[in-house]
Amino acid sequence: MSSTTTKTEPREDRETILRVEGLTKHYSQGSGLFDSIWPKPKVKAVDNVSFEIERGETLGLVGESGCGKSTLARSVLNLVEPTDGAVYFNGRDIANLSGEELRQQREDMQMIFQDPQSSLDPRMKVGTIVEEPMRAHDLYEGEREERARELLEKVGLDPQHYNRYPHQFSGGQRQRVNLARALAVNPDFIVCDEPVSALDVSIQAQVLNTMQELQDEFGLTYLFIAHDLSVIRHISDRVAVMYLGQMVELAETEELYENPQHPYTQALLGSIPVPDPRSKGRRGLLEGDVPSPINPPSGCRFRTRCPKLIAPDEYDMTEREWADVRRFTRAVKRRTFEVQGEAQLRSEFFEQGVPSGKAGDTVETALDSLLSEEWDQAETLLQESFAEPSICAQEKPDYTVETEHGMDVHHAACHLHRDGIESTANAD
Ligand SMILES: Nc1ncnc2c1ncn2[C@@H]1O[C@H](COP(=O)(O)OP(=O)(O)OP(=O)(O)O)[C@@H](O)[C@H]1O
């Protein structure tokens with residue numbers, strides 16, 4: 001973690017550099033004539049995301065591919081126009097900037113991309129590359145070369161390499177050139193989009209350490225995006241976890257890693273058991289695939305894969321019974337098995353018997369439908385009876401939970417934190 005972190009200061013003394021409020025980005029698909037007559041449904045890449053970053057801190061942003069990290073980063077930088085919500089940088093709404101204020105914002109906020117190879121023009125010498133933003137912003141005239149050489153040194157390169165071309169550098173060195181270029185116009189804030197993902201693991205730590213040294217020296221603030229949890233842990237003061245366009249958890253780094261409170265974070269960290277060892281979830285940890293961002297699940301978007309989905313209030317089941325019903329409901333929806341007779345169905349899903357009462361009656365009706373090959377009927381009944389009435393499908397969760405490590409607020413978007421919810425947390 002960076003030593004410029006402001007965590008020890010009382011909250012009221014800390015300075016917010018970036019505030020994101022209800023940020024939403026829905027992409028239209030297609031732009032042809034037919035698309036304007038019959039518009040295709042939108043891709044809900046980012047939905048109602050809010051957070052703040054304090055000056056001098058690193059906020060890590062983690063989540064699987066496609067969860068909206070890059071869209072969020074580009075919206076924060078004013079490179080993508082949000083569908084809804086706002087981004088305030090140093091207290092100013094960046095959507096309303098123009099003229100001098102816009103120029104200043106573009107100077108103060110920089111970005112580093114994943115691929116150091118393709119983001120450097122192979123025909124330009126690295127000195128010219130580092131000087132480019134100074135020219136574009138009309139800064140440091142007459143001292144650009146001197147500044148570029150100084151910056152090359154600051155990022156751990158030999159200033160004599162000013163006249164070399166990108167192909168003469170290794171991947172790690174090229175990312176250092178990108179760092180020097182990002183620093184050229186003396187920014188306050190840098191969005192780092194997977195900056196070390198393309199590098200060898202042995203090189204990653206060195207580049208991360210340089211980034212932390214530069215942060216201390218120049219008082220930089222980072223929004224650091226990565227899918228690699230160990231990289232995020234190494235660099236971040238606080239960590240935000242995204243799933244399917246929404247933020248599911250946000251806490252100080254140690255708190256998030258030692259006391260994760262959202263089942264998705266727990267699954268990412270590998271701290272909850274695999275619900276069904278035979279299912280081939282991503283990373284072998286999560287069952288099922290990430291749903292489409294075109295039509296994401298209602299309520300908690302993770303609920304269709306969550307090993308801790310909460311049973312609807314109207315049933316009175318033991319944890320084991322609910323675990324069986326939940327697994328059966330999902331298997332029917334995903335069509336992950338074949339029906340080979342009643343005995344096989346019962347032993348596969350309800351080895352210890354079908355629940356009693358109302359839940360059991362519904363399960364029996366669904367079993368009958370399956371035995372008559374009425375899959376859709378069974379699926380609809382199970383979804384309407386067990387999946388949709390769950391609080392997890394009914395309401396979008398948003399809770400503050402008790403922090404065990406550190407002082408900052410811990411947000412977890414999971415209804416298990418709702419007062420009065422009886423946890424079926426370890427049902428699997
Ligand atoms: N210009 C676009 N038009 C339509 N859909 C888009 C566009 N850009 C991104 N998407 C979709 O929005 C969703 C979020 O994409 P985004 O690139 O922000 O995610 P990500 O978490 O950064 O993924 P990755 O790590 O793979 O880059 C994905 O479903 C993606 O296909």
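1. A residue counts as near a molecule or strand if its C-beta atom, placed from the backbone, lies within 6 Å of it. Of the 13 residues around the ligand, those that come nearest are Tyr27, Ala45, Ser65, Ser70 and Thr71. Two elements, β2 (43-54) and α2 (69-76), each give two or more residues to this shell, and α2 gives the most, with 3 residues. Helices (H or I, at least four residues) and strands (E, at least two) are DSSP runs, numbered from the N terminus.

2. By class, the shell around the ligand is made up of 7 polar, 5 nonpolar and 1 charged residues. Here Ala, Val, Leu, Ile, Met, Phe, Trp, Tyr, Cys and Pro count as nonpolar, Asp, Glu, Lys and Arg as charged, and the others, Gly among them, as polar.

3. The model is a predicted one, in which local features need pLDDT of at least 70 and side-chain atom pairs count only at pLDDT 80 or more, whereas totals for chains, interfaces and linings use all residues. Residues are numbered from 1 along each chain as its sequence is written.

4. The chain has 15 helices and 12 strands, and its C-alpha atoms fill a box of roughly 85 × 55 × 40 Å, taken along the principal axes. Of its 428 residues, 40% count as buried, that is, with 20 or more other C-beta atoms within 10 Å of their own, while exposed residues have 12 or fewer and partly exposed ones lie in between, C-beta atoms being placed from the backbone. Among contacts between residues at least 6 apart in sequence, 69% join residues at least 24 apart, a contact being a pair whose C-beta atoms, placed from the backbone, lie within 7 Å.

5. Helix α4 (residues 126-136) and helix α6 (residues 171-183) have axes that come within 7 Å and cross at roughly 30°, the axes being lines fitted to C-alpha atoms over the stretch in contact, with angles from 0 to 180 degrees between N-to-C directions. Because angles under 35 degrees count as roughly parallel, α4 and α6 are described as roughly parallel to each other. The contact is made by Val126, Ile129, Val130, Glu132 and Pro133 of α4 together with Val177, Ala180 and Arg181 of α6, and these residues divide into 6 nonpolar, no polar and 2 charged.

6. Asp408 is found in the loop between β11 (399-401) and β12 (410-412). Asp408 is classed as partly exposed because 17 other C-beta atoms lie within 10 Å.

Methods. Contact = placed C-beta atoms within 7 Å. Parallel < 35°, antiparallel > 145°, perpendicular 65-115°, else oblique.
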